[in-house]
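Please read the points below with the coordinates open beside you.

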Amino acid sequence: MAGEERNVILRTEGLTKHYGGVHALEDADFELLEGEHVAIVGDNGAGKSTFVRQITGVERPTAGKILFEGREMEFHSPVDAREAGIEAVFQNLALADDLDVPSNIFLGREETYFNLGPFSFLNEKKMLQRSQEALEKTGVKIPNLHNSIANMSGGQRQCVAISRAASFASKLILMDEPTAALGVQETTQVENIIRGLKERGIPLILVSHNLRQVFNLVDKIWVFRRGRIAGMLEADKTDGNEVVSLITGVQSGVHENASYI
Amino acid sequence: MANQAQAVSGSAADMPQKRPRSHELNALLGLVGIALIFELLGWIFQGQSFLFNTQRLSIMILQVSVVGIIAIGVTQVIITGGIDLSSGSVVGATAMIAMSFAQVSTYPRAVYPELTDLPVIVPILVGLACGIVAGMINGLLIAFTKIPPFIATLGMMVTARGIAKWYTRGQPVSFPTDSFAALGQGMTPVFVFLAIALLFHIALKYTVYGKHTYAIGSNEQAARMSGINVERHLVLVYTIAGLLAGLAGMVIAARGLTAQAGMGIMYELDAIAMAVIGGVSLSGGRGSIVGTLIGAVIFGVIISGFTFLRLDAYYQEMIKGVIIVAAVVADMYRQRMRPQSR
């Protein structure tokens, strides 16, 4: 399938998800190249988050194929996707508030001394050290890693979540609205982390409502509308108008003064 | 109140963050305070020391040991964000069933006349198995049918009590072998309690088991997304709680040399209270075995303090109720003081 295009990292063919009678995602053909950063935009209910949930194994598609590195994948859980090298940062921060930073970064894949099943002893030292490395790599400064996440600001928490994804993702990161709840300064910090990922050549799928951010960060923009992919635009060959027209399905010319651009 | 100021200053994102005072330390301060009050009242009303009396202290710790064993299991359940109301009834059922396999042959009305004078390992294994089965049913119900832990364990509470009564049609089961009775004699219950506490302190603090227990109570969704098998873990936690309730049932039966269907009534609430007083948060994610240990000692101090002052047992219960509610209110208050972005 992916034979003729060697550098396609992720491809979906006819990806479809129905929730009962609701067609949340319909026949999505999507493609991501190696080292590429793309954005997924669209109105509320356009199928963006649904799409992300299929790719990350949170849900299983009703129909269609997911090809990752040319191989057809069937993710039964987020763990399967992670093992394949896909990491996700979700809209509702998937962090455990009462645990500290290393525990959150290593949640579900703790480093242990020797394997005693659930009663394996934790290698806290190694986890702390590797957490420090991960945070350094993403340029995040957190004063005391042993504080519980609950005592940190939204930005710090988001940075921890992203650092977790970035430190494990070997092949692909998905971010669903990573800056939706953040202030200006914190948003900048997250955007810098994303630029760092670009430099490191780690592909990214970014779901965002913020078109300015999208134009700043990514190479390609995939527009979803009412469960379908309405089109793909290259960020440097398009403008806000064209994107908004695709998002809303209304022809260009009416959006010049729109505040959402 | 100093506490409050700390929590507020800790919320400023860029300031060096101070750790809020730990729940265990709060509980310990509470313990010291309560003990000192009794010491003072002791000198005023009884003309003697409350604390400096080895016999009183050993009785005190003995009194809380059986419920303390339960509280160790309940602590873990509460940390996952659940609750276990069945432990008192499991104590009753386990006491009856285990004791029926521990009777001496010289007693003519043994439950199983052909199964007497068995080696002590038999009733112990039977008792532990009872606890495991009860706990596992709780866990499976909660993890897979998604019914609230409150309801699932309430069902088990009623059912297990029914089993305890049905087992011998309400007759007590007595005359255990010496080796089984030894489980409850002298200070053995205290050693069992402390050994169990140490074991699970280590498990909660230093193993993956503990990390996942806290993670589930903290944010179950996040735990699941991170690849933790939440269902399997919950079954394990409730099974351990059932096992410890079973162990407590055997210890109390061995201590009294008899098992009765009504044993362990209200123990589940005492155990929950010990945990809550020790700083285990009913909303999950926070608490520790050390805290519960302190909670258990606070309980013991109150009970023996009231006995020492020759006050009616009625007051004990009333005060216990007030302290439990106060501990929960304190926890809620702390929760609200936490900076929260959700």
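1. In this predicted model, L41(B) is partly exposed, because its relative accessible area of 25% falls between the 20% under which a residue counts as buried and the 50% over which it counts as exposed. The residue belongs to helix 2 of chain B, which runs over residues 23-46.

2. Which residues does L41(B) touch once its neighbours within four places in sequence are left aside? The contacts of L41(B) are then with Q46(B) and L309(B). L309(B) stands 268 residues away from L41(B) along the chain, and yet the C-alpha atoms of L41(B) and L309(B) are separated by 7.8 Å.

3. E69(A), which is not a glycine, has a positive phi, near 55°, and is placed in the loop that joins strand 4 (63-68) to strand 5 (71-73) of chain A. With a relative accessibility of 35%, E69(A) counts as partly exposed.

4. Chain A as a whole contains 8 helices and 10 strands. Its radius of gyration is 19 Å, close to the 18 Å that the globule rule gives for 261 residues, so chain A is as compact as a globular protein of that length. The C-alpha trace of chain A spans about 60 × 40 × 35 Å along its principal axes.

5. Of the 261 residues of chain A, 56% count as buried. Among the contacts in chain A with a separation of 6 or more, 63% are between residues 24 or more positions apart. Chain A exposes about 11500 Å², of which carbon and sulfur atoms supply 46%.

6. As for charge, chain A carries 27 positive and 36 negative side chains, and the centres of these two sets lie 2 Å apart.

7. The area buried between the two chains is about 2900 Å², with carbon and sulfur atoms giving 55% of it. On the side of chain A, D98(A), F119(A) and N151(A) supply 20% of the area that this chain buries against chain B, which is more than any other three residues supply.

How values were computed:
Residues numbered from 1 in each chain as written. Chains lettered and ligands numbered in written order. Predicted model: local features only at pLDDT ≥ 70, side-chain atom pairs only at ≥ 80, totals over all residues. Heavy atoms only, no water. Helix = DSSP H or I, 4+ residues; strand = E, 2+ residues; numbered from the N terminus. Rg over C-alpha atoms; globule rule 2.2 N^0.38 Å. Buried < 20%, exposed > 50% of the residue type's maximum accessible area, 1.4 Å probe, protein only. Contact = heavy atoms within 4.5 Å. Areas by Shrake-Rupley, 256 points an atom, 1.4 Å probe, with all protein chains shown as cover. Lys, Arg positive; Asp, Glu negative; His and termini not counted. Charge placed at Lys NZ, Arg CZ, Asp CG, Glu CD. Buried area = accessible area lost by both parts, 1.4 Å probe.
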